[in-house]
Amino acid sequence: MLQFVLTSPLDPQKGLQSQIQERLVAAILAGGLPLHEPLPASRILARKLDVSRNTITLVYERLAEDGYLKAVNRRGYFVNDRYLREQLNVPVDEHAGRALLRSDEPVDFARRLRRPLVEQANIVKPANWREFPYPFVYGQLSPDKISLSRWRDCVRLAGTVRHSHDWMGDLIDNDDPILIEQITRRMLPQRGFRADPGSILVTVGAQNALFLIAMLLCGTGTRVAIEEPGYVDARNMFLALGATLEPHPVDANGMRISEALAGADLVYVTPGHQSPTNVTMSVERRLSLVAAAERHDFLIVEDDYEHELNFVGAQRASLKSFDTSGRVLHVGSLSKPLFPGLRLGFIVAAPALIRELRALRRLMYRHPSALDQRAMALFLAEGHYDAHIRRQRKELAARWGLMLREIDRQLPGCDVTMTTGGSGLWLTLPRGVRAQDLQLRAAQLGVLIEAGDVHYLSENRPGNRIRMGYGAIAQDRIAPGIAQLAKALDGLAREGAKQP
């Protein structure tokens, strides 16, 4: 077993110390190291692995601290046999199941599911999107090395004695008070309103916030007005909980507000950057929607997941800033503009509703990671978040302008829906071109785009819409990527012309 540690090459892209430690632990747990013989001396193992002696010494010392090894004076390090005896591993008995009655019929889970979810229409993004030369993928960001460094600093600071006692214990159903304070002081005023701590709940991203709201407020017969086209996952949540969906068209100013909203229990909108078109709802529409909520007695779920990323014109106040009766439930993301995989978000709503949402969250997962909350609180407090947004807006604005110029130059037959920022563009392809066909053809040329069909609820959905994200693609890859997309589009057009 030790031969695997010695002969299998180490990956130079990964930490040498962690790799060696991982392999030694695996060998110890598998019982592959003799108990009566010492491990190789640090200088010998270092020479065989071609690493520094210090690296091996640190590995041995750490394994001894963790109880895997024991140091014997003048003899070296031995496997700690006491630790092996204390292992709680239960041996797998492959013959035990034979004593039971056997059935060749698999369990029919389909008939037991109340609402199957696998078959729901959804956005499919390849896990290997980074391997595409031209990833116009929406929802991903290119790494900001400065922010990553600052985040590591905040995580280390959160792990010090000064902060660790605040997050090591179970918060039950509470949130980090410093994070709540930072949301109140730093984020909400930028959205045009203020709130007290009892009006805020931290969630595992904006997506989780929407699910909590849907679980609490939706059921069979609940009427939910949604944007058309609209956010697929929100639509699927409402449908999974038995709600009836009523699509309302979107134009250059966001969702159209009309008397057709009468009778809705809930209206779901993405006013900051409409998903998927990325248009921003006008102030007049925002005022009309809040007034309609009062008039027709419905609640509004405002998904403002990307509020900070407007870089054309002045920032627009959120719907919540016009709310005087508590009808608006404001959802925000702390991680989408920073690190999408971090998964932190929040809900701002009337205190009575927040108390119910907090009770529901406790049943599901109690609270988001307290360590992540404290690190985010420090990231906000030290000004790193605002600095990150400034850098990101500058970078995205440059890509946005380049995208518009190159699409106009290389894709003259396509119409772009104008936006005021965000991280994606919505395109209408020439008549007769199917977005799904273009998506497949473009992928063969290394271009990753997203067909827009899935964003529509109606049966008569247009089939010639695509979304192109520019948050993850390098600026110097945009023009050649659009050139390849134009090549794919021309190929489809020629094939279509040949058909009778």
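Reader: In which sense do strand β6 and β7 pair?

Author: The model is a predicted one. In it, strand β6 covers residues 244-251, and β7 covers 254-255. Two bridges join β6 and β7, and the sense of their pairing is antiparallel.

Reader: Which residue in β7 does V250 stand opposite?

Author: Strands of a sheet pair through backbone hydrogen bonds, either parallel or antiparallel. β6 and β7 pair in the antiparallel sense. The residue in β7 that stands opposite V250 is M255.

Reader: Which strands stand at the edges of the sheet?

Author: The sheet is open and holds eight strands, in the order β4-β11-β10-β9-β8-β5-β6-β7, with mixed pairing. A strand at the edge has a single partner strand, so one of its sides is left without a neighbour in the sheet. The two strands in this position are β4 (200-203) and β7 (254-255).

Reader: What angle does the direction of helix α9 make with that of β10?

Author: Helix α8 (residues 177-187) packs on the sheet, touching β4 and β11, and its direction makes about 110° with that of β4. Helix α9 (residues 205-217) also packs on the sheet, where it touches β4, β8, β9, β10 and β11. Between the directions of α9 and β10 (328-333), the angle is about 155°.

Reader: How many aromatic pairs does the count come to?

Author: Rings of Phe, Tyr and Trp are taken as a pair if their centres lie within 6.5 Å. By this rule, the number of aromatic pairs is seven.

Reader: What kind of aromatic pair do W151 and F379 form?

Author: W151 in helix α6 and F379 in helix α13 are 228 residues apart. W151 counts as buried at 10% relative accessibility, and F379 counts as buried at 0%. Their ring centres lie 5.7 Å apart and their planes make 65°; planes over 60 degrees apart count as edge-to-face, so the pair of W151 and F379 is edge-to-face.

Notes: Residues are numbered from 1 along each chain as its sequence is written. This is a predicted model: local features need pLDDT of at least 70, side-chain atom pairs count only at pLDDT 80 or more; totals for chains, interfaces and linings use all residues. Side-chain values use heavy atoms; hydrogens and water are left out. Rings of Phe, Tyr and Trp (its six-membered ring) pair if their centres lie within 6.5 Å; planes under 30 degrees apart count as stacked, over 60 as edge-to-face and the rest as tilted. Helices (H or I, at least four residues) and strands (E, at least two) are DSSP runs, numbered from the N terminus. Buried means under 20% relative accessible area, exposed over 50%, partly exposed in between (1.4 Å probe, protein chains only). Two strands pair if DSSP finds at least two bridges between them. Contact means heavy atoms within 4.5 Å. Axes are lines fitted to C-alpha atoms, for helices over the stretch in contact, and angles run from 0 to 180 degrees between N-to-C directions.
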